[in-house]
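Me: Hi! Could you walk me through this one?

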Amino acid sequence: MFGLTFSIHQNGALVRRETRWEDIVKVGRDAKAHLRIDDERASRLHAIIEVASPSDITLVDLGSEAGTIVDGARVNKCKIRPGEHFQIGSTRIELVKVEPWAAAGSAAPPGEEVLRTMILDHHPHDTEGLRALGYWAPPLDLPQVHHFVDASWDANERDAVFAYLHLGEVVRLSGGYSWCRFNCGLVERGFEPITDEDIDQLFSDEEEPPGRTSDPSPATPISLSELLREIRAKPETMGSTCLSDGHFIWPVGLAHYVDKHLVRPPEEFVRHALQQLLLRGIR
Ligand SMILES: [Zn+2]
């Protein structure tokens, strides 16, 4: 999540500065525009600014009558960097700076509601009897993933939870387009689940200790590091798939947030995951 600070000038004078946190900032005369331009030549929805990353910000004119002017020429679409400006009617808008929101479990960006619960008693897509975690706003009225970043979380415990999140069964395939809400660029991609066969394969790859060739139980524990190697060999995904272990349901992309963006699920789920890994002989 990045904050874009703009300064808005009219007739050569600074009117105001404003910081916006949207991934797509709507610019226009309409009251619903994120960056409101009080200029009679501005269209109601005049342009948008797409924020893919701090170094990849795109200004797109929406076919407005007055046009969007950069360096004296109308543009349909162009990259914009801090320090650069564009003109709508007699209004000059400068992109002053782009800054990441330092998320480490801290305060929300200005104007953002904070919902501190990650585990929901009702799955947002109405799967009965399962507790849900890892479903985020927008578009639903849910928590923001950024509020659960914890860089101080023990890395081994994080790896274990990351691995466990891959062991659920696919319970739901449909769903909307999904994207990483930290804007790292990861979007929905084909999902290859870690199957029971993969796990069995790992077990059977273990060398049998001599003299115990046909002892069926208990299985030799496989190491968490082997499981992690297996998981990391597959492509990362956000997916629109939900996984469940019979108690909890989570979207497949939760693993990415845990691994790459240091998102820490509630202690209740962490304990549950560690216990379930032990029960499955993974340590
Ligand atoms: Zn990401």
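Reply: Happy to; below we go through the core, a helix pair and one arginine. This is a predicted model, where local features need pLDDT of at least 70, side-chain atom pairs count only at pLDDT 80 or more, and totals for chains, interfaces and linings use all residues. Residues are numbered from 1 along each chain as its sequence is written.

Me: Which residues touch the most other members of the largest nonpolar core?
Reply: Val161, Tyr164, Leu165, Trp250 and Val258 do, in a core of 30 residues. A nonpolar core is a set of buried Ala, Val, Leu, Ile, Met, Phe, Trp, Tyr and Cys residues joined through C-beta atoms within 7 Å. Buried means 20 or more other C-beta atoms within 10 Å of a residue's own, exposed 12 or fewer, and partly exposed in between, with C-beta atoms placed from the backbone.

Me: And which helix gives the largest share of this core?
Reply: That's α1, with five residues. Helices here are DSSP runs (H or I, at least four residues), numbered from the N terminus.

Me: How do α1 and α5 pack?
Reply: At about 75°, with axes 9 Å apart; axes are lines fitted to C-alpha atoms over the stretch in contact, and angles run from 0 to 180 degrees between N-to-C directions. The two helices are therefore roughly perpendicular, a label for 65 to 115 degrees.

Me: New topic: is Arg283 buried or exposed?
Reply: Exposed, because 12 other C-beta atoms lie within 10 Å. Arg283 sits in the segment after α5, and its C-alpha atom is 8.5 Å from that of Ser225, 58 residues apart along the chain.

Note on methods
Parallel < 35°, antiparallel > 145°, perpendicular 65-115°, else oblique.
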